[in-house]
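Keep the viewer open as you read.

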Amino acid sequence: MLGFVWAFAQGAVLTEMAERNPNLVVVSQDMGPMSPFSEKFPDRFFDVGISEANLVGVAAGLAHGGKLPFVVAMAPFVTMRGFEQIRDDCSYNRKGVKIIAPCSGLEAGHWGATHHAVEDLALLRLIPGMTVLCPADPGEATRAVLAAAEIDGPVYIRFGYIQPIEGYEEDFVIGRAPVLREGSDVAILATGASVTEALKAHDLLKGEGVSARVLNMHSIKPIDRQAIEKAAEEIGRIVTVEEHFVNGGLGGAVAEILAELGKGRLLRLGLKDEFVMEVAPYPDILKLVGLDAESIAASARSMLG
Amino acid sequence: MPDSELTQTLEKRTAVLRRHMLTMAANGQLIHLGGSMSIAEIMAALFFHFLEVEGKERPKDHFILSKGHTVHALHACLAELGKIDADEFTRLGQMGTCLAGHPSLKAPLVEFATGSLGHGLSVGIGIALAEKLNGQGSRTVVLMGDGELQEGSVWEAALCAPRFGLENLLAIVDYNGFQANAPVGDILPLDPLEEKWRSFSWNTQVIDGHEMGSILGALEAFPASKGPTVIIANTVKGKGVPGVEGTARAHYTSLEDNEVQDALKGLEGE
């Protein structure tokens, strides 16, 4: 449950930000104390209990009253039970609510499909004015939190099973996808925790003489259209990788762009219109659904020749 | 006791609001008439007496019309405040007006766009929390419908507000007894309603929502020493329109010329 670990670790980041910005407040839903924020700023920490619709509405109201609210909430529940409040109260009413959402993707593992957030990117990508971020490692997650505070409008930050990527310190620019590995045979466009698997897949492919470009698609909305078009023009073979249904999320967004461009072949990796019914820990679930490094490498290979 | 001069002034204002709404419902324009008419007195008391709706960065006091479909009463208030032109009431929903069927950010003084029911109370909690931190003595009023209380999110919010104190939050329930298709009691009863709110640790007042003295008395009693307050206003759906008031038809209708004339006659004495 690394998404939880790193989401709660943002408590320290938010505390630092709150020392500079007296309007920063945190709204939680039985999601831990967010230490040391809640101890340092007890008047600015609101735990509204397990009530996602209310949670998002309260946060929108806080924004309306001049505050900068950061919400900490479970990804599957806040995006689905709180969806209309995100749409109406945050987006339609233009309130800058920032949502830190652990338990995203498949990180809940054996807890089962109720706890898998595999629709969140598609749902929130639909909403006008929404920014949807899916950082690849803990350092990037913090950079995404800092970036969210700097922009107007609501932001959703997905915290999945992310682990530190060695040596990765790329500046975080919303809407720009960093190229983590250059390559010319196939482009692997991954988001969130899948970036780590994509990097491993790159190394496996390299051992076989296959050159794979790896892009970190940390911004699902706005998405880096230019980077996608460049991959289509220069390489033509694109694999998307996400802990999400293949419909509507990263793969969906890339498919829309490629269809409009009229170039490029696409293979979307993710959940294929089925819930995960097996009981298994996270690493085994990745293998079951074809999102581990070996499966990604095999899929990429299948596009060649 | 509220002074009688104020009461009379606000009763006159109420009659003007109803006249505007009759104009809106004339000539085949379909509006959510019933729930707009039932809140006329409450809206007059709020907008011409209780609330300070203008401020520097944001309104001094806040008003969220959570039963957004009864926006017509709000539009009537905006005309009386000189914010919109009453001539536009014959062109509801037409291109170029700000008169949407629910509160729209296009309209002046509309703080929060609503429409889907069950959103306003949570938003009101957030505003009240923010204003407590801001420390400017601001008050937040959320006006809800009775049918709206069937939304679960209302009760998430009802459970939440007292936990944070929020003496500065006032909820008003327009208990006109009808929802879109039938009496609330036939669809999904709310009673005992006051007991429900009280058991959720709210301060409660039950008033006649068409009796200006009662409304002013309830507003004077706000804020309570501890916790948020809800005023349950017993009202009549479509109040002031003979033959329509207290019927399911009142919910969304237009009025025939003779119905408008009858209603105007009734208002002449007021």
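Chain B holds 10 helices and 5 strands, where helices (H or I, at least four residues) and strands (E, at least two) are DSSP runs numbered from the N terminus. With a radius of gyration of 17 Å, close to the 18 Å that the globule rule gives for 270 residues, chain B is as compact as a globular protein of that length. That radius is taken over C-alpha atoms, and the rule is 2.2 Å times the number of residues to the power 0.38.

A word on the source: this is a predicted model, in which local features need pLDDT of at least 70 and side-chain atom pairs count only at pLDDT 80 or more, while totals for chains, interfaces and linings use all residues. Residues are numbered from 1 along each chain as its sequence is written, with chains lettered from A and ligands numbered from 1 in the order in which they are written.

Some overall values for chain B:

| Property of chain B | Value |
|---|---|
| Box filled by C-alpha atoms, along the principal axes | roughly 50 × 45 × 40 Å |
| Residues that count as buried | 50% of 270 residues |
| Share of contacts with a separation of 6 or more that join residues 24 or more positions apart | 75% |

Here, a residue is buried if 20 or more other C-beta atoms lie within 10 Å of its own, exposed if 12 or fewer, and partly exposed in between, with C-beta atoms placed from the backbone. Two residues are in contact if those C-beta atoms lie within 7 Å.

Now for a helix pair. Helix α3 (residues 40-50) of chain B packs against helix α9 (residues 212-220) of chain B at an angle of about 50°, their axes 10 Å apart. The two are therefore oblique to each other, a word for angles that are not under 35 degrees (roughly parallel), over 145 (roughly antiparallel) or 65 to 115 (roughly perpendicular). Axes are lines fitted to C-alpha atoms, for helices over the stretch in contact, and angles run from 0 to 180 degrees between N-to-C directions. From α3(B) come B:Glu41, B:Ile42, B:Ala45 and B:Phe50, and from α9(B) come B:Met212, B:Ile215, B:Leu216 and B:Leu219.

Lastly, look at B:Leu92, in the loop between α4 (71-80) and α5 (120-134) of chain B. B:Leu92 is partly exposed, as 19 other C-beta atoms lie within 10 Å. Leaving aside neighbours within four places in sequence, B:Leu92 is in contact with B:Met24, B:Gln29, B:Ile31 and B:Leu99.
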